[in-house]
Amino acid sequence: MEHILEAYLVENLVNGRYFGDPFSVLGMHHSVDEDGQKLIFIRTVQPQAKKVEIIDPKTKNVIDTMRLVHPNGLFQSDFGGHDNFFPYLFRITLYNGQTYETEDVYRFWPVLGDMDLYLFNEGTHYRSYEKLGAHLIRHQGVEGASFAVWAPNAKRVSVVGSFNGWDGRRHLMRPRGSSGIWELFIPSLKQWDMYKYEIIGANGDLLPLKIDPVGFAFEMRPKTGTLIFNHQNYQWQDSEWLRSGREKANALSSAISIYEVHLGSWRRNSLEGNRWLTYREMAVELPKYVKEMGFTHVEFLPLAEYPFDGSWGYQVTGMYAPTSRYGTPDDFKYLIDALHQAGIAVIMDWVPAHFPKDAFGLAQFDGTALYEHADPRRGEHKDWGTKIYNYSRSEVADFLLSNALFWIREYHIDALRVDAVASMLYLDYSRKEGEWIPNEYGGRENIEAIHFLRRLNELIFAENVGATTFAEESTAWPMVSRPTYIGGLGFGYKWNMGWMHDTLEYMHENPIHRKYHQNELTFSFLYTFTENFVLPLSHDEVVHGKGPMIDKMPGDEWQKFANLRAYYSYMFMHPGKKLLFMGNEFAENKEWRYADSLNWDLLLGKHNKGLLHLVQDLNKLYQLIPALHELDCEGAGFEWIDGSDIDNSCISFMRKDKQGNSIIVVCNFTPVPRYNYRVGVNESGIYEQIFNSDDLRYAGSGVGNYQDLLTEEPGWNFKPYALQVVLPPLAVVAFKLKVKKESLKRF
């Protein structure tokens, strides 16, 4: 008595061309023989086996020796007169005589529920990473790993790895109806086992082996294997931070000063082949340095897994895995934990705008344009040689939205800086006429991307207390950092690229010519409160031939450093949150190179050391004085004194806090010291200098106001009172009211 399988199905099974549900033909099944008698049969494909025996799991006695149905490894046993399934194991003997016991993967029920499939297809799961990918679980009393992957147009998907000799015939996955998801539970697999997916695509071709789109860990590049990883093992120590620290750190009224870091080149170990520091080594060095410097946030260039070092992390293949370059996922958690315990918030660059074309990644994942648009006018970034996500596809949107929440939930990231937002918003971004497709209304706006970005921000602000988002958006798109319910994109903050561009152009000018460019210095004040802005001096300003910050300044060595001190001081006094790329704080003297350490030896020089002290003091002043941060994003926090002193290349203004207390800021962008310079103020009394970028501590000339200043009448600059101050050369000075003199008559 036996159950006979059609010859063509036998050939398909042993040749890896079976495109149906493998659970319908493999494993244990009821059937009837040719005489109509009931039987149970067990069928398995074991191409590596010389002999396969069915054994009792408890006694280990042999129940049956399976017969070889096909020489390429199809085995079968038939049991007549049986109505009930029974437990069993396979004992497999290899051709070299080695023997091992294993479960039959085709005896296990599905792991995923129908609701999981429905929500993912609908695009509203938002925790799909808990179901897709590889997860170590206990299923039907057996330890192992569940696998699930979305490949709706694939004809066959298999899990392959060293555990099955990379043979795609041995672990064919179960298709879950019309959901496009394939799943399989494989017993006995453990943490760090490596795997990929072998996929026969929509046209019947065998594709290059694919990594898991929801893989949690990967091999060190250039290898690309996905590694099984369990996220439940790490014991966090930052509960207090999550309870109150994060929300306070990211608030609009808080002092936010960001230190942007490329982890692989911040500091290297020169004694060990110039290698980069690990996550755990950085956990010792980085929090201490950032705390000493007074920065409130660290922003990491993208750390999701990427294959090419030269992309700096902006061409991501493993959206759900921190790069293995610096250690394990738990090591990365340790670094974040250490920063939180030091009171430092963590921002990570996040890249949902595009992905690379690497054959092992998302591109043509199931043999079709699955994650990307099929039409290159929508689906390719010519500038970057990458693919563009298809945001209109609900499963793709869920993949990305779940990923954003994943980093906040699983890694306690405090904020995401969303890269290249402008490229997402505009269909004609970096495209010529005829190279792009208008939207349904004939416009250039990417409606699907707009909806995606709004949903992203709504989810992050709704589900994660205190978490926020930053948009790198370089155009005049309105209301980027305004709530979605009034038509905004919903970001917490937006990078002020206009301020960066204009002010760097101004600073590049020889001081003698700056009076002709005053508008470049002051133009930002016309729009600075239209968004919640961050003033960024990022990595983009010190690469691709742009040179280091110090080389953007004119003059001899002293003037270069004085200019840079004045520029940073103006930045910290200007409304908006602050961002400096690593090395900017001490005037790195070469263009940033991702494979080299910063030149920390420069700190032996007095000017570099002085600039470091300046940034350190600016950070402390920014946090200490509410007028410099409380109303960073509100017009009530700023008042002009004089923005039109063009001949002297000077500007002056007030910064105010919520109680109306003010700080007086005066900037001199020429190398000429100005004595008895009149500045209008609103309150009479005694003022003191609280900051001077020309101080000797910063390797300046020491010119300044080192005695208290008494207001005078009549006033100046349309203010009721005036101060006569000394303006050092190429410097910024700041004053605050020390003692009110109520007896002085108001003008």
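Biologist: How many helices and strands does the protein chain have?

Modeller: This is a predicted model, in which local features need pLDDT of at least 70, side-chain atom pairs count only at pLDDT 80 or more, and totals for chains, interfaces and linings use all residues. Residues are numbered from 1 along each chain as its sequence is written, and side-chain values use heavy atoms, with hydrogens and water left out. Helices (H or I, at least four residues) and strands (E, at least two) are DSSP runs numbered from the N terminus. On that basis the protein chain has 13 helices and 38 strands.

Biologist: What percentage of the residues in the protein chain is buried?

Modeller: Buried means under 20% relative accessible area, exposed over 50% and partly exposed in between, with a 1.4 Å probe and protein chains only. The C-alpha atoms fill a box of roughly 115 × 60 × 45 Å along the principal axes. Of the 747 residues in the protein chain, the buried share is 62%.

Biologist: Why is the pair of phenylalanine 108 and phenylalanine 185 classed as edge-to-face?

Modeller: Rings of Phe, Tyr and Trp (its six-membered ring) pair if their centres lie within 6.5 Å; planes under 30 degrees apart are stacked, over 60 edge-to-face, and the rest tilted. The structure holds 55 aromatic pairs. In this one the ring centres are 4.9 Å apart, and the pair is edge-to-face because the planes stand at 65 degrees.

Biologist: How many residues apart are the two partners of that pair?

Modeller: Phenylalanine 108 lies in the loop between strand E8 (99–102) and helix H2 (114–122), whereas phenylalanine 185 belongs to strand E13 (residues 181–187). Phenylalanine 108 is buried, at a relative accessible area of 3%, and phenylalanine 185 is buried, also at 3%. The pair links distant parts of the chain, and its partners are 77 residues apart.

Biologist: Which residue lies over the face of tyrosine 306?

Modeller: A charge sits over a ring if NZ of Lys or CZ of Arg is within 6 Å of the ring centre and within 35 degrees of the ring normal. For tyrosine 306, at 3.7 Å from the ring centre, the residue is arginine 325.

Biologist: Which residues are closest to the centre of the largest pocket?

Modeller: A pocket is an open set of points on a 1 Å grid over the protein atoms alone, where a 1.4 Å probe fits, with protein on both sides within 12 Å along at least five of seven lines; lining residues have an atom within 4 Å of a point. The largest pocket is lined by 24 residues, and those closest to its centre are Trp312, Trp384, Asp419, Glu472 and Asp540.
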